[in-house]
Amino acid sequence: MLRVAVVGSGPSGVYAAQTLVQQREVPGVRVDVLDRLPCPYGLVRYGVAPDHEKIKSLQGSLRSVLEDERIRFLGNVEVGGEALTTGRLLELYHAVVYCVGAARDRMLGIPGEELAGVHSATAFVSWYSAHPDAAAGFGLTDVRSAVVIGAGNVAVDVTRILARGAPELRLTDMPEPALGALAASGIREVAMVARRGPSQGKFTTKELRELATLSGVDTTVLADELARDPAYADPAAAAALPAVNRRNVEVLRDWTAHRPHAQARRITLRFFLRPVEVLGGADGRVSGVRFEHTVPDGRGGVAGTGSFEDVDAQLVLRSVGYQGVPLPGLPFDAARGTVPHAAGRVLREGRASVGEYVAGWIKRGPTGVIGTNRPCAKETASSLLQDAGALARRELPGDPLDALRAAGLAPVPWPGWLAIEAAESSLGSSLGRRSVKIPDWPGLLAAAAGE
Ligand code: NAP
């Protein structure tokens, strides 16, 4: 038998486990999927926006993998801490695949970023997704205008959630405190601001289009900002773009014809504005963001023009990408925010470390959609399977679950997760909603224990 630990139960971890048990070349592979949280699915549960039901439904296929009899889910197991070091984990298993994602947000590095009312989009997403480590809460009652900095799909998600009305949000599994705060928010304006042009947005077209379909929301762009993009004005430049960027430009072009309907809320997509300072009011809270207008520099980047614009905001979300976090005991490339690897094999000082592998964002950086993790995890699993003969020769100390318990850990097994799911479903029924997420550690652990 080849015993493998996969650390992280998001898409890359589940796809890695699936590939390892469903292949035919190496028989008898058994996989324990460990997660720091008592709940599986990683960013599918705690990152995909609650109103994106279709993507959320991917949980169904991840679930059927985790229910495979050759796979065992063990939640509430933190790797890299004192109780379970990476070295100890490798003693308990023939191989370990780290699929720990990229947990940290990136900073803008501009003055004023520390002001009250400035947050990372990651923190905001964690809060409305009921992540048990999320910050306490977002006071939104006094917020009339919000600025979202960045032009990726996360920026689109948080912009949409800020602008959506409470009746739509009630249909999701959003936890009650976040739903209440968003329902009571005074938000009328959300500006999503990109430092480059519309043809360089990182968002996908489906997500972009959705912004113009929200009930009670006017979605606008400024024609003169679009016109500054060579790919907007010149059909030949547009034709040279990747299809997604070309489609994005066409969607935005259509929006210039939108006539505002005096809806309750407005989303404005702004382009060619580089954030230079977060502005504060006399109360020490954020009051706006100062941007410098930019122009294309002809090499895909932008140059500042020396002309500035202040945009009012009582809430600022920076959504400028995720970053990997070093896991104690594993090598880390700080510049890339990833673990150095060759085809998924962890490299220590340039040489493949026996039995250690990576997949997903910690391997390739925070890019791509959920499906991108499938080939990424497959590559890693293939490397591991090629090494299987040598790895399996080592005698293991016994069932790793006993060792985890002996180390003082209290793993939540699959039935514990099912109990959490059942508790979230009853919570939803009691509130006249569908399933509603439990947002705190004590609540999750009590539910897992059937209390
Ligand atoms: P992202 O796609 O990398 O976008 C980051 C954005 O931040 C870019 O527009 C970037 O602009 C901007 N930015 C970076 N540094 C900046 C700075 N100093 N000042 C101003 N803007 C700055 O990251 P993400 O939105 O966090 O998404 C991460 C990954 O998750 C992506 O692969 C995304 O597709 C995926 N995701 C997918 C979905 C979905 O499929 N529905 C939902 C959420 C996330 P530049 O381009 O100019 O650098």
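Visitor: What percentage of the 451 residues in the protein chain do buried residues make up?

Guide: Buried means under 20% relative accessible area, exposed over 50%, and partly exposed in between (1.4 Å probe, protein chains only). In the protein chain, 53% of the 451 residues are buried. This is a predicted model, in which local features need pLDDT of at least 70, side-chain atom pairs count only at pLDDT 80 or more, and totals for chains, interfaces and linings use all residues. Residues are numbered from 1 along each chain as its sequence is written, and side-chain values use heavy atoms, with hydrogens and water left out.

Visitor: How many helices and strands does the secondary structure contain?

Guide: Helices (H or I, at least four residues) and strands (E, at least two) are DSSP runs, numbered from the N terminus. The protein chain has 19 helices and 19 strands. Its radius of gyration, 23 Å, is close to the 22 Å that the globule rule gives for 451 residues, so the chain is as compact as a globular protein of that length. That radius is taken over C-alpha atoms, and the rule is 2.2 Å times the number of residues to the power 0.38.

Visitor: Where is Phe 272 placed, and is Phe 272 buried or exposed?

Guide: Phe 272 lies in the loop between β10 (265-270) and β11 (273-280). Its phi is near 55°, a positive value in a residue other than glycine. With 1% relative accessibility, Phe 272 counts as buried.

Visitor: Which loop holds Glu 349?

Guide: Glu 349 sits in the loop between β17 (345-348) and β18 (351-358). Phi of Glu 349 is positive, near 50°, and Glu 349 is exposed, at 84% relative accessible area.
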